[in-house]
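What follows is a walk through a few local features of one protein model. Have the sequence and coordinates open while reading.

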Amino acid sequence: MKIALAQTNPIVGDLCGNCDKIVTMARTARSRGADLVIFPELSIEGYPPQDLLENNTFVADAQKARRQVALRLPKCIGIIIGGIAVNRAIPGKPLFNAAFLYEGEREVCCVHKTLLPTYDVFDERRYFEPGKARQVIEWKGARLALHICEDLWFDYMRGLYGVNPLEDLGLQDPTLFINICASPFTIGKRLEREALASAASRKYHVPYAMVNQVGANTELVFDGSSFGCAANGTVTHRAAAFEEALTFWNPFASSVRAEDEYPSIALLHDALVLGIRDYVQKSGIFSKALIGLSGGIDSAVTCCLAVKALGPTNVVGLTMPSAISSEASVRDSATLARNLGITFHEIPIASIVSSFSDALATMFAGRSEDVTEENLQARSRGTLLMALSNKFGYLLLATGNKSEMAVGYATLYGDMNGGLAVLGDVLKTQVYDLARHINERCAPHAPIPDYTISRAPSAELRPDQTDQDSLPLYPLLDGILKRYVEQRQSVEEIAAVLGADDGVVRDIVNRVDRNEYKRKQAPPILRVTTKAFGHGRRIPIVRR
């Protein structure tokens with residue numbers, strides 16, 4: 001059996017465009033001799049459709065699109081498509097998350113997703129009724145154990161669910177497991193998917209095919225990385241990461257191990273690039289990306305990622321030196337822009353900051369200067385950047401990293417301005433790793449100046465300021481944040497694991513808690529870890 005893995009990049013809600021893509025890929029697969037072509041979860045609607053599923057017109061249009069696409073599918077080939085199905089039973093949620101097997105225009109069967117993730121960024125119980133039946137499909141002499149995404153993750157979720165769909169299917173003597181999914185990227189997620197599928201193949205001595213959505217939809221990035229496992233659990237086929245692809249695999253032909261993918265820092269780089277590219281192209285409302293260049297590491301990395309995503313002609317850099325900006329900051333910003341070949345502008349803000357200070361002088365009389373005056377600089381820059389965004393239709397990319405966002409080391413209506421936060425789920429130490437990776441990748445023409453990487457990090461909001469005036473060294477800070485935000489460890493656990501002072505850990509944890517109100521006002525953050533600030537982390541602002 002020759003199987004085509006159709007790793008598509010859908011646009012949420014673009015029913016016509018998504019269906020055209022399905023038909024084109026299915027016809028190509030048929031012309032190249034495939035017996036079966038498999039598309040991802042909700043490949044008609046795009047994942048996640050969220051509250052579009054509460055719009056009756058959208059649901060009706062999606063059903064109509066699926067019926068119409070069936071009429072256009074090639075004959076004499078099996079085609080598995082993900083889409084929504086209407087639940088006619090009462091009581092129950094109105095929809096199922098479903099997988100359809102077609103042969104030409106004939107619907108052979110419809111399978112409903114059993115396990116509905118409702119945690120972190122997932123909220124499927126809000127819309128879908130869980131499937132009740134789990135039956136192997138008899139098709140052309142094969143016994144297909146078709147299931148959807150989370151139905152594979154029973155063992156990994158450690159008792160969250162009361163039924164194991166894979167076990168129910170595995171006991172029915174299948175000849176091929178098929179999983180269609182829309183599994184978002186996080187660092188290490190590909191290996192987890194492959195490990196679960198490999199374990200299932202070994203346990204039941206059955207090959208396993210997984211087809212995953214690729215592309216970015218708002219803050220979620222999907223890596224694709226579709227793959228096939230032989231019956232002995234060996235990953236024998238792997239589609240490219242972060243690229244739309246149609247690849248072919250014979251599950252019964254070979255047990256030769258597929259080549260491993262590139263390192264995690266390269267995956268992180270490519271995930272962020274795809275996140276920027278799809279945000280701009282799929283939204284269709286921005287002409288170019290705009291970045292405030294400070295001469296620091298965060299804006300430099302963000303700018304490099306934007307250039308990789310959109311090309312240098314579609315990126316604009318703006319440096320805005322204040323009275324206390326160092327000469328090196330302006331120089332490195334200009335050097336970066338020149339190295340990347342982007343449009344570059346400079347607008348000094350000393351007079352703007354002075355005008356704000358003069359206007360506030362009477363009301364501030366008798367009070368010493370503090371962070372308020374420092375933030376006037378950041379907010380002056382934020383105003384200028386938003387003005388350019390409005391005037392020219394540029395997408396302003398916020399450059400703050402996860403470490404800063406966590407502890408409130410960012411200015412509302414200043415450096416937090418923007419339509420998309422590229423590094424908001426990337427810790428500061430990882431930003432440095434990305435910078436080195438970018439320079440190595442571009443060698444011998446490294447775009448990021450050496451001094452940008454080697455200098456002490458600073459917001460440059462007061463003379464001779466460095467981040468470590470008020471924060472621990474970033475390796476320690478990031479270690480605390482990773483364990484508190486992503487792993488939900490206690491102060492005592494963190495202090496013990498890191499050998500850190502209990503008071504330092506408690507101070508950082510308190511800062512994270514205090515600054516929830518800032519993060520609620522941040523732009524969408526590209527999610528690359530298991531717990532990003534945003535939709536998947538819901539902490540009350542007002543609380544004790």
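Two strands are said to pair if DSSP finds at least two bridges between them. By that rule, strand β16 (residues 315-319) pairs with β17 in the parallel sense, over four bridges. One of the residues involved is G317, whose bridge partner in β17 is F344. The model is a predicted one.

This pair belongs to an open sheet of five strands with parallel pairing, in the order β17-β16-β15-β18-β19. Its edges are β17 (343-346) and β19 (420-421), each of which pairs on one side only.

Elsewhere, the pairing runs in the other sense. Strands β10 and β11 (residues 220-223) are antiparallel and share four bridges. Here A216 has V221 as its bridge partner in β11. The two strands form a hairpin with two residues between them, and T218 in this hairpin takes a positive phi near 55 degrees. Strand β10 (residues 214-217) is covered on both faces: V214 and A216 are buried on one side, G215 and N217 on the other.

The cysteines are the last topic. A disulfide is a covalent bond between the sulfur atoms of two cysteines. The structure holds zero disulfides. For C109, the nearest cysteine sulfur is that of C110, 7.4 Å away, and C109 is in no disulfide. The cut-off for a disulfide is a pair of cysteine sulfur atoms within 2.5 Å. C109 counts as buried because its relative accessibility is 15%, the limit being under 20%. C229 is also in no disulfide; the nearest cysteine sulfur, that of C181, is 12 Å away. With 0% relative accessibility, C229 counts as buried.

Definitions and conventions
Residues are numbered from 1 along each chain as its sequence is written. This is a predicted model: local features need pLDDT of at least 70, side-chain atom pairs count only at pLDDT 80 or more; totals for chains, interfaces and linings use all residues. Side-chain values use heavy atoms; hydrogens and water are left out. Buried means under 20% relative accessible area, exposed over 50%, partly exposed in between (1.4 Å probe, protein chains only).
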